[in-house]
Amino acid sequence: MEGSDKIENILNFSILKLGEGFDLNVLSVIEIVLVIVIAFFLLLMIKKGIYGVSRLDLGKKYALYNLIRYVITIIAFCFLLEIFGFNIKILLAGSAALLVGVGLGLQNLFSDFVSGIILLVDSSVKVGDVIEVNGLVCQVIAINLRTTLVLTRDDKFILLPNTQLTKNELINWTHATSSSRFDVTVGVDYDSDIDLVTHIMQEICEKEPGILDTPKPFVRFNNFGENALQFSVYFWCANMFRVENTKSEVRRKILKEFRFQGIKIPFPQRVVHIQENASED
């Protein structure tokens, strides 16, 4: 009995006491440590299990794990409040009116939170996706509850509010497939050999390392322009985030080969005819 009494006295030993409502003893410290350790190892095992499933892609694994992490974190936080002596039910009831007032002032913030949950649940935008929103092409690095971290083609990291991804028109270049079609357009002189132009443009794309072999690149004679014959070469790329580098290289090689073959890319020009009066007044 004496041994158990000593243990009980040790556990009930007060470390910090503030008034009569708060008393932090050794037992409370042990409970706090246990809650944190259990939550940490539980998240570790869940993460290992989710990321070990081969049927889910990386984006869905990230979204599922983050949702579970937020839920476990909230539950652990509630347990910690109980340990510190807070009554969760009374706390929520007493702060209901305050939450309504704060909510009206922080509508945009709560909207971002809701949008973050939507993005994580429906997986319309996932980590690693290449997206275009408001004219900005970027790659998704991380999706958080309030903001989404993206990397632009200028290698700049930007935090976008989640509402921008759910309320605005958004293009997800990697949503349904791992590759997308792009094109490079050029105008040539009306005296040019159109078969040679087509052959050069297609051959350059077929030999370009960043362009996929399948589907095969092809050239289309688009239009009779005011100053030139308009041709476009269409090709597919897997690295959509850096496709501008590939397009630049294709343009450079086309221009170089056109100059070698004597094919001219005309400047815009206007022909002005001046009609003189048939007879003088």
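What follows is a walk from the helix pair to the core, the cysteines and a nearby topic, a loop serine.

Modeller: Keep in mind that this is a predicted model. Start with the two helices. Helix H8 covers residues 194-207, and helix H9 covers residues 243-261. They pack at an angle of about 140°. Their axes are 10 Å apart. The crossing of H8 and H9 is right-handed.

Which residues of H8 and H9 meet? From H8 come Leu196, Val197, Ile200, Met201, Ile204 and Cys205. From H9 come Val250, Lys253, Ile254, Glu257, Phe258 and Gln261. Sorted by class, this contact has nine nonpolar residues, one polar and two charged.

Now look at the core. The largest nonpolar core has 22 residues. Met201, Phe231 and Phe258 have the most contacts inside it.

Set aside its neighbours within four places in sequence. Methionine 201 is then in contact with Val184, Val186, Val219, Phe231, Ser232, Val233, Ile254 and Phe258. Ile254 and Phe258 belong to the H9 side of the helix contact. A second, separate core has 16 residues, including Tyr62, Val133, Val150 and Leu160.

Next, the cysteines. How many disulfides does a search of the whole structure find? The search finds zero. Cysteine 205, one of the H8 residues that meet H9, is in no disulfide. The nearest cysteine sulfur is that of cysteine 237, 8.6 Å away.

Cysteine 205 has 1% relative accessibility, so cysteine 205 counts as buried. Cysteine 237 has a relative accessible area of 0%, so cysteine 237 is buried too.

Serine 179 lies in the loop between strand S7 (170-172) and S8. Leave aside its neighbours within four places in sequence. Serine 179 is then in contact with Leu212, Trp236, Cys237, Ala238 and Met240. Why does serine 179 count as buried? Its relative accessibility is 15%, and the cut-off for buried is under 20%.

Terms used:
Residues are numbered from 1 along each chain as its sequence is written. This is a predicted model: local features need pLDDT of at least 70, side-chain atom pairs count only at pLDDT 80 or more; totals for chains, interfaces and linings use all residues. Side-chain values use heavy atoms; hydrogens and water are left out. Axes are lines fitted to C-alpha atoms, for helices over the stretch in contact, and angles run from 0 to 180 degrees between N-to-C directions. Helices (H or I, at least four residues) and strands (E, at least two) are DSSP runs, numbered from the N terminus. A crossing is left-handed if the near helix is turned anticlockwise from the far one by less than a right angle, and right-handed if clockwise. Contact means heavy atoms within 4.5 Å. Ala, Val, Leu, Ile, Met, Phe, Trp, Tyr, Cys and Pro count as nonpolar, Asp, Glu, Lys and Arg as charged, and the others, Gly among them, as polar. A disulfide is a pair of cysteine sulfur atoms within 2.5 Å. Buried means under 20% relative accessible area, exposed over 50%, partly exposed in between (1.4 Å probe, protein chains only). A nonpolar core is a set of buried Ala, Val, Leu, Ile, Met, Phe, Trp, Tyr and Cys residues joined through side-chain atoms within 4.5 Å.
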